[in-house]
Amino acid sequence: MSSPAAVVPWRQDARTIGLIGLAHASSHFFHLMLPPLFPLFIRDFGVSYAELGLLVTTFFVISGIGQALSGFLVDRVGARPILFLALGCFALGAVATATAAGYPGLVLGAALAGLGNAPFHPVDFTILNKRVSQARLGHAFSAHGISGNLGWAFAPVFLTGLTAATGSWRIAAGSMAAYAVLVIGIMWWNRDALDDRAGAWAHESAVRSGPAVAKEHPMAFLQLPSVWLCFSFFFFSTCALSAIQSFASPALKDMYGLPIEATAFVVTGYMLFGAAGMVVGGFMANRAERLEKIIGICLLASAALLCFVASGVLPGIVAASVAAIAGFGTGLAGPSRDMLIKQAAPPGATGRVYGTVYSGLDLGFAMASPIFGALLDRGMPEGVFYGSALTLAMGVLAASLVGVGVAQRRGALKVAA
């Protein structure tokens with residue numbers, strides 16, 4: 001029996017990976033539809049940082065609930081049509097934000113964008129796992145993670161740059177709707193490369209070629225401890241990311257007196273360093289036996305750097321640079337994280353598992369943003385960085401327990417064989 005790598009041409013794999021990368025970059029781009037504009041919302045609508053944090057909560061509560069449910073929908077009806085609906089919701093969310101007359105309008109924009117964000121990880125990983133050859137999956141996951149970081153990095157530059165050039169944050173927000181429409185057009189033109197009905201699960205094919213097994217209940221995967229440990233890992237690691245994305249800029253301004261124009265680019269730097277880390281992490285994930293060790297070392301290194309920033313002992317520009325460099329460690333861990341989830345997912349439930357696990361990401365964003373916003377309102381900007389470091393350490397613990405479970409399952413399979 002030939003391997004998937006021999007069957008699938010490189011160009012076909014690359015085309016699918018590139019399109020999914022664009023889709024993933026777009027979803028992360030819309031994660032930051034609002035945070036770069038927070039100072040302008042305070043100026044125009046008189047809201048607090050805690051209230052602005054609730055906008056992020058609105059986005060990710062809707063996204064998290066929708067993500068857990070969309071995994072089942074993707075497994076049932078396919079990933080491609082859900083992808084187009086999601087991009088359409090992004091366009092509507094951007095229009096609602098651009099035309100907002102007050103805080104309720106911003107809430108509507110956040111809700112629509114959150115609905116669009118909901119299915120992306122089940123969609124992306126279903127298409128990648130079905131259409132990309134097994135030998136290239138590590139690199140596909142790396143490219144997927146890199147594209148997400150590039151979307152995060154691009155959003156602050158796009159929004160602040162257009163706002164400065166036009167003098168209107170509304171024009172900048174409206175331009176995000178135009179971007180979503182452009183991506184829809186690209187995806188439609190290349191829709192054949194996104195057809196998950198034409199793909200096949202390599203690991204499921206292997207299972208089907210062996211002895212017949214009893215069909216499990218669709219919800220049986222929820223009984224696996226590894227699924228909930230992966231969920232916990234995403235929750236804790238995302239709490240740190242939420243703090244950096246939404247509040248690193250004003251926190252650095254308060255702690256070190258840096259201008260907001262300079263601190264706004266710390267998020268971009270963090271994401272670009274993360275993307276660079278993912279390039280290296282893709283090779284590490286393909287070769288490593290114990291993925292949780294890579295995750296632990298990388299995330300703890302990032303946590304240590306964030307503690308230095310929080311301590312206040314560094315010069316202002318150096319502190320901003322160190323905060324950005326911390327993204328490299330989280331990027332290194334990214335591909336190993338996605339491969340670890342793949343190892344923890346039982347055959348036939350990949351969409352459901354990714355939907356459930358990645359809803360931990362949404363919950364982390366939803367819960368962390370108002371908490372870290374309240375710390376800023378109370379004059380505790382260093383809490384943004386200390387809190388980020390603490391939650392990264394908690395994520396390391398969860399990943400370690402997942403790794404132990406995966407190793408035990410492999411040992412049991414060897415014994416059974």
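**Surface patch and salt bridges**

I'll start with the surface: Phe273, Val279, Val280, Ile325 and Phe328 make up a nonpolar patch there, with about 370 Å² of accessible area together. A patch takes residues with over 30% relative accessible area and no salt bridge, joining nonpolar side chains (Val, Leu, Ile, Met, Phe, Trp, Tyr) within 5 Å and like charges within 9 Å. Areas are Shrake-Rupley with a 1.4 Å probe, and for residues only the protein chains shown count as cover.

This is a predicted model: local features need pLDDT of at least 70, side-chain atom pairs pLDDT 80 or more, while totals for chains, interfaces and linings use all residues. Residues are numbered from 1 along each chain as its sequence is written, and side-chain values use heavy atoms, without hydrogens and water.

Two elements give two or more residues to the nonpolar patch, α12 (260–287) and α14 (316–344); helices are DSSP runs of H or I, at least four residues, numbered from the N terminus. The most comes from α12, with three residues. Phe328 sits in helix α14 and is partly exposed at 31% relative accessible area, where buried is under 20%, exposed over 50%, and partly exposed in between (1.4 Å probe, protein chains only).

Next, salt bridges, meaning a side-chain nitrogen of Lys or Arg within 4 Å of a carboxyl oxygen of Asp or Glu. The count is two. One joins Asp192 and Arg15 at 2.9 Å, N to O. Asp192 lies in the loop between α9 (169–189) and α10 (202–209), and Arg15 in helix α2 (residues 10–31), 177 residues apart. Asp192 is partly exposed at 44%, as is Arg15 at 34%.

Arg43 pairs with Asp44, closest N and O atoms 2.7 Å apart. Arg43 is exposed at 56%, whereas Asp44 is partly exposed at 36%.
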